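Visitor: Could you walk me through this one? I'd like to start with the overall layout and then get into the details.

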Amino acid sequence: MHTAYAYLVGMSIRHGLLALLSVGPRHGYQLRVEFEASTGATWPLNIGQVYTTLSRMERDGLVEQGESDEHGRVVYAITAAGRAEMARWFSTPVAQSDRPRDELVIKLAMAVAAKEVDVVEVIRRQRTATMRTLQQLTRAKRAAMEGAAQRLVLDSMIFQAEAEQRWLDHCEAVLKEER
Amino acid sequence: MTVVRLTEVARVHGEGATAVHALKGVSLEVAPGELVAITGPSGSGKSTLLNLAGGLDRPTSGTVHIDGRDLATVRDLAALRRRSVGYVFQDLNLITSLTAAENVMLPRELDGVRSRLAREEAMTVLAEMDLADLADRFPDELSGGQRQRVAIARALVGERRLLLADEPTGALDTHTGDEILHLLRARCDAGAAVLLVTHEPRYAAWADRVVFLCDGSITDSTDMSLESAR
């Protein structure tokens with residue numbers, strides 16, 4: 001994975017955990033379950049990631065350990081610095097340029113450059129594959145009746161797949177005129 | 001068992017050098033409980049296909065069967081259309097001088113059903129679509145999404161099991177558009193066959209099977225059969 005991208009993903013986990021802790025103290029396992037529920041299970045976390053992130057956040061003064069619960073699990077609570085960091089995150093828009101390079105865009109550009117590749121066929125195959133993805137996402141959305149957070153995450157993926165589909169239609173139309 | 005079946009259907013407008021081949025030998029079946037979406041660029045033949053499937057236009061060659069009947073041999077096509085097929089279009093939907101309930105009753109009354117029974121049937125289908133409270137409103141007293149839902153109710157009243165929808169989400173915002181697809185999907189799950197034409201991928205994705213049309217031919221299909229979709 002692109003290093004800067006990995007860094008950004010790490011940052012989002014950290015802020016996501018802060019947002020969940022702002023509701024009240026939680027232990028690691030609970031945070032993992034709630035994180036996955038809010039993101040529609042589209043972003044699975046392992047428990048190791050959760051505890052590594054929590055200990056770094058503790059080092060940075062964003063969270064602190066409270067008492068253990070009845071099962072001996074350590075409960076974490078957000079600090080004032082943590083709340084300030086969360087507020088800063090929510091008030092800062094996300095930059096578009098942080099996305100990793102898109103393999104599909106490169107593939108199509110290269111298919112056009114390579115001359116002997118049947119670009120229209122490449123587009124059609126991709127479009128059918130993307131449509132299957134879109135169908136799966138739509139089924140998942142219909143099934144996700146509880147939780148607006150979950151549905152909105154799926155909606156975001158639907159909009160992205162739709163944008164790709166529209167771009168493929170556009171490519172086909174442009175290439176048709178070029179020929 | 002299929003509700004509608006098109007076999008090697010072609011449609012040519014005009015003759016000789018100026019002939020336009022709108023459809024070039026398309027075969028397609030829709031089963032009960034199945035939602036099939038036709039998608040493709042403008043001028044690819046989507047609406048021609050839908051009009052042929054519903055008996056609103058006749059093919060130059062090939063055959064169209066609805067409920068097992070070859071449309072070429074049906075004497076009273078208008079009656080068959082009225083009884084078996086429901087249509088939903090982007091606009092030209094409702095008659096503005098009639099209430100929602102009266103609009104839904106209309107095809108049944110044209111079929112000779114008594115007004116009282118037609119109203120009962122209309123109220124049943126309106127209630128199924130959460131529109132009972134709006135039954136006595138006129139179209140211009142309804143939102144765009146509500147109007148389209150009334151149009152779908154009208155398309156489904158009676159025993160019609162084939163629903164043809166041409167860009168039914170037209171000018172609606174995506175959330176309202178999703179609601180329309182939710183409704184079409186629910187009707188499918190209740191046993192109707194739906195053929196949906198849309199140029200929007202997000203709505204096509206609600207279908208069991210998405211068929212891509214280009215220059216009058218089917219170029220591809222997601223081929224999600226009914227069995228594997230369940």
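This is a predicted model: local features need pLDDT of at least 70, side-chain atom pairs count only at pLDDT 80 or more; totals for chains, interfaces and linings use all residues.

Visitor: Okay, how is chain A divided?

Guide: Chain A is split into domain 1, covering 3-97, and domain 2, covering 102-178. Taken over C-alpha atoms, the centres of domain 1 and domain 2 of chain A are 32 Å apart.

Visitor: And how many residues of domain 1 of chain A are in contact with domain 2 of chain A?

Guide: Five residues of domain 1 of chain A are in contact with seven residues of domain 2 of chain A. On the domain 1 side of that contact in chain A, the classes are one nonpolar, four polar and no charged residues.

Visitor: What about the contact between chain A and chain B, and which helix of chain A gives the most to it?

Guide: Here 13 residues of chain A are in contact with eleven residues of chain B. Helix 6 (119-143) and helix 7 (148-178) of chain A each supply at least two residues of the chain A side, and helix 6 of chain A gives the most, with seven residues. By class, the side of chain A that touches chain B holds four nonpolar, four polar and five charged residues.

Visitor: Let's stay with chain A. What is the strand order in its three-stranded sheet?

Guide: The three strands form an open sheet in the order 1-3-2 of chain A, with antiparallel pairing. Strand 1 (26-27) and strand 2 (63-68) of chain A are the edge strands, each pairing on one side only. Strand 2 of chain A is joined to strand 3 (residues 74-78) of chain A by four bridges in the antiparallel sense, and within strand 3 of chain A the residue opposite A:Val63 is A:Ile78.

Visitor: Which strands does helix 3 of chain A lie across?

Guide: Helix 3 of chain A lies across strand 2 and strand 3 of chain A, and it runs at about 115° to strand 2 of chain A.

Visitor: How do helix 2 and helix 3 of chain A cross?

Guide: The axes of helix 2 (residues 28-38) and helix 3 (residues 47-59) of chain A come within 9 Å and cross at roughly 115°, and these two helices of chain A are therefore roughly perpendicular to each other. The crossing of helix 2 and helix 3 of chain A is right-handed. On the helix 2 side of chain A the contact is made by A:Gly28, A:Tyr29, A:Leu31 and A:Arg32, and on the helix 3 side by A:Ile47, A:Val50, A:Tyr51 and A:Leu54. Those residues divide into six nonpolar, one polar and one charged.

Visitor: Switching to chain B, what is the order of its six-stranded sheet?

Guide: That open sheet of chain B has the order 6-7-8-3-9-10, with mixed pairing. Strand 6 (85-88) and strand 10 (217-221) of chain B stand at the edges with a single partner strand each, so one side of each has no neighbour in the sheet. From one strand to the next, the twist averages 20°.

Visitor: Parallel or antiparallel for strand 7 and strand 8 of chain B?

Guide: Strand 7 (residues 162-166) and strand 8 (residues 193-197) of chain B run parallel and are joined by five bridges, and B:Asp166 stands opposite B:Val197 of strand 8 of chain B.

Visitor: What about helix 3 of chain B and helix 5 of chain B, at what angle do they cross?

Guide: Their axes come within 8 Å and cross at roughly 25°, and helix 3 and helix 5 of chain B are therefore roughly parallel to each other.

How values were computed: Residues are numbered from 1 along each chain as its sequence is written. Chains are lettered from A and ligands numbered from 1 in the order in which they are written. Domain bounds come from an automatic or database domain assignment. Two residues are in contact if their C-beta atoms, placed from the backbone, lie within 7 Å. Ala, Val, Leu, Ile, Met, Phe, Trp, Tyr, Cys and Pro count as nonpolar, Asp, Glu, Lys and Arg as charged, and the others, Gly among them, as polar. Two strands pair if DSSP finds at least two bridges between them. Axes are lines fitted to C-alpha atoms, for helices over the stretch in contact, and angles run from 0 to 180 degrees between N-to-C directions. Angles under 35 degrees count as roughly parallel, over 145 as roughly antiparallel, 65 to 115 as roughly perpendicular and the rest as oblique. A crossing is left-handed if the near helix is turned anticlockwise from the far one by less than a right angle, and right-handed if clockwise.
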